[in-house]
Amino acid sequence: MSMNPASACKGNRYVQLASDAAQQERMGNHAFAAKLWGKAALLPGNKPNRAWAEGREDTCLYKAGLPRRAPYASH
């Protein structure tokens, strides 16, 4: 059973993108995972989900050796 309560929301686009992005991360496909996290961050929803998706996107961009988005780019 998943610890994420949102995972029970079938049809939730954020959950679908986040799950796919996490799977791509586990497979080492960080550039593709970053794209998926970026899409998830743009969806309307709550601020914690947006912040999480933005953070994961940044991490994946870093791991893929790609340019990072502001405000993270200056760090």
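Predicted model: local features only at pLDDT ≥ 70, side-chain atom pairs only at ≥ 80, totals over all residues.

Reader: What does Asp-58 form a salt bridge with?

Author: The general rule for a salt bridge is a side-chain nitrogen of Lys or Arg within 4 Å of a carboxyl oxygen of Asp or Glu. For Asp-58 the partner is Arg-68, and the closest N and O atoms are 2.9 Å apart. Asp-58 sits in helix H3 and Arg-68 in the segment after H3, so this pair ties together parts 10 residues apart in sequence. Arg-68 is partly exposed, at a relative accessible area of 28%.

Reader: How many salt bridges does that rule give?

Author: The count comes to 3. Another one joins Glu-57 and Arg-69, with 2.9 Å between the closest N and O atoms. That pair links distant parts of the chain, since Glu-57 is in helix H3 and Arg-69 in the segment after H3, 12 residues apart. Glu-57 counts as buried at 10% relative accessibility, and Arg-69 as partly exposed at 36%. Then there's Glu-25 with Arg-56, where the closest N and O atoms are 2.3 Å apart. Glu-25 lies in helix H1 and Arg-56 in helix H3, so the pair ties together parts that are 31 residues apart in sequence. Glu-25 has 15% relative accessibility and counts as buried.

Reader: Which residues is Arg-56 in contact with, leaving aside its neighbours within four places in sequence?

Author: Contact here means heavy atoms within 4.5 Å. By that rule Arg-56 is in contact with Glu-25 and Trp-37.

Reader: You keep naming helices. How many helices and strands does the protein have?

Author: Helices (H or I, at least four residues) and strands (E, at least two) are DSSP runs, numbered from the N terminus. The protein has 3 helices and 0 strands, so to read the order, go from the N terminus: α-α-α.

Reader: How do I check the span of H1?

Author: The expected span of a helix is 1.5 Å times one less than its number of residues. H1 has 14 residues and reaches 20 Å from its first C-alpha to its last, close to the 20 Å expected. After H1 comes Gly-28, whose phi is positive, near 90°.

Reader: What do the buried residues of H1 pack against?

Author: They pack against H2 and H3. The buried residues of H1 are Tyr-14, Val-15, Leu-17, Ala-18, Ala-21, Gln-24 and Glu-25.

Reader: Which residues touch the most other members of the largest nonpolar core?

Author: A nonpolar core is a set of buried Ala, Val, Leu, Ile, Met, Phe, Trp, Tyr and Cys residues joined through side-chain atoms within 4.5 Å. The largest one has 14 residues, and Tyr-14, Trp-37, Ala-40, Ala-53 and Cys-60 touch the most other members. The elements giving two or more residues to this core are H1 (13-26), H2 (30-42) and H3 (47-64). H2 supplies the largest share, 6 residues. Take Ala-53: neighbours within four places in sequence aside, it is in contact with Tyr-14, Trp-37, Ala-40 and Ala-41.

Reader: And over the protein, what share of the residues is buried?

Author: Buried residues make up 28% of the 75 residues. For a contrasting case, look at Lys-63 in helix H3. Lys-63 counts as exposed at 51% relative accessibility. Lys-63 and His-30 are 33 residues apart in sequence and 6.4 Å apart in space, C-alpha to C-alpha.

Notes: Residues numbered from 1 in each chain as written. Heavy atoms only, no water. Buried < 20%, exposed > 50% of the residue type's maximum accessible area, 1.4 Å probe, protein only.
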